[in-house]
Amino acid sequence: MAILPIFVPQAACPHQCVFCNQRTISGEKRTGLAGVLRQIHTWLPRLHRTAANEAAFYGGSFTGLPLGEQARYLAPVEALLKARVIGKIRLSTRPDYIDETRLLFLRQHQVTLVELGAQSLDDRVLQLAGRGHTAAQVTRAVQLLRQYHFQVGLQFMVGLPGQDWNSLRATAARAVQLHPDIARIYPLLVIKDTPLAKMYAQGRYQPLSLEVAVAQAAFLYEQLTGAGIKVIRVGLQPDAELCQPGNILAGPFHPSMGELVQGYLRQQQVAAILRRQKYVPADQVLLRFPKRLESQMRGQHNVNVKLWRELVAPATLILERF
Ligand code: SF4
């Protein structure tokens with residue numbers, strides 16, 4: 001399966017979310033139909049024709065565009081669907097741009113999955129982030145999407161202004177109740193030319209450390225996946241434009257955030273087991289794991305192994321890959 005990504009940066013956004021500079025995140029400077037066609041033509045030669053391929057509109061409030069404009073953007077991917085080059089069309093939008101008229105339109109244009117930027121389900125956090133919608137609107141949008149038989153995706157952030165552990169726990173609990181088909185988790189970064197960059201420069205926003213961002217993303221990941229929700233991405237794609245010097249001003253950026261989160265979860269799972277035992281110097285604790293999990297098991301710079309060694313001391317910890 002491959003994704004044919006089409007960015008429509010900040011298209012039809014009625015608000016400026018404090019953290020958002022989609023042109024920097026996506027690297028896409030051209031907008032309108034010309035931008036859509038250029039991206040399709042760039043990606044098309046790399047796609048092997050299969051129904052598992054998906055065209056995906058990202059980076060704006062797609063359903064906020066006038067219906068005629070949505071139709072013009074969708075037409076070339078509908079043609080690819082008809083030619084069986086792709087098998088699915090998905091798009092991202094805002095929760096307050098979901099209603100019956102728009103959903104009937106999307107069904108006619110063969111969209112099957114709609115991702116909503118929820119970011120948080122705490123109204124105070126949403127307000128501080130300048131989102132311009134409430135948690136109740138997220139709930140209503142998810143209900144409508146279900147009613148019209150769409151698959152639903154929800155995007156969440158950790159590290160938003162005013163978001164503490166309690167807020168995150170409450171968001172996780174509500175997200176589990178909403179039960180989207182897929183979810184994404186993004187630790188918040190301070191990107192240049194955003195209101196957040198100004199808040200950061202004025203000392204009004206402090207980003208999460210990498211350590212705390214990993215712990216919070218891991219918590220959300222565990223809650224969602226534990227409820228059977230598929231988390232398809234953790235952390236922003238480290239593309240060339242985003243990683244240009246000067247674009248990320250601060251915040252817990254790591255090119256392999258997903259791997260860090262998996263490593264943290266392994267660390268906690270094994271540590272919980274090791275803590276239940278009492279060890280003596282003669283003990284040997286054997287930890288066996290599949291070779292493919294080695295980097296997750298060790299964690300960044302062997303941090304997991306160091307912690308586990310401390311937990312089993314004075315016994316010896318032996319690692320065995322199979
Ligand atoms: S709605 Fe989405 S694309 Fe638009 S400003 Fe907010 S985060 Fe950016």
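A residue counts here as buried if 20 or more other C-beta atoms, placed from the backbone, lie within 10 Å of its own, as exposed if 12 or fewer do, and as partly exposed in between. This is a predicted model, in which local features need pLDDT of at least 70 and side-chain atom pairs count only at pLDDT 80 or more, while totals for chains, interfaces and linings use all residues. Residues are numbered from 1 along each chain as its sequence is written.

Start by selecting residues 111-119, which form strand E4, where eight of the nine residues are buried; strands (E, at least two residues) and helices (H or I, at least four) are DSSP runs numbered from the N terminus.

Now select Val114 and, leaving aside neighbours within four places in sequence, display its contacts, among them Leu91, Leu106, Phe150 and Val152; a contact means that the two C-beta atoms, placed from the backbone, lie within 7 Å.

Finally, Val114 is among the residues with the most contacts inside the largest nonpolar core, which has 78 residues, such a core being a set of buried Ala, Val, Leu, Ile, Met, Phe, Trp, Tyr and Cys residues joined through C-beta atoms within 7 Å. Select residues 210-226, helix H9, to see the largest share of this core, eight residues.
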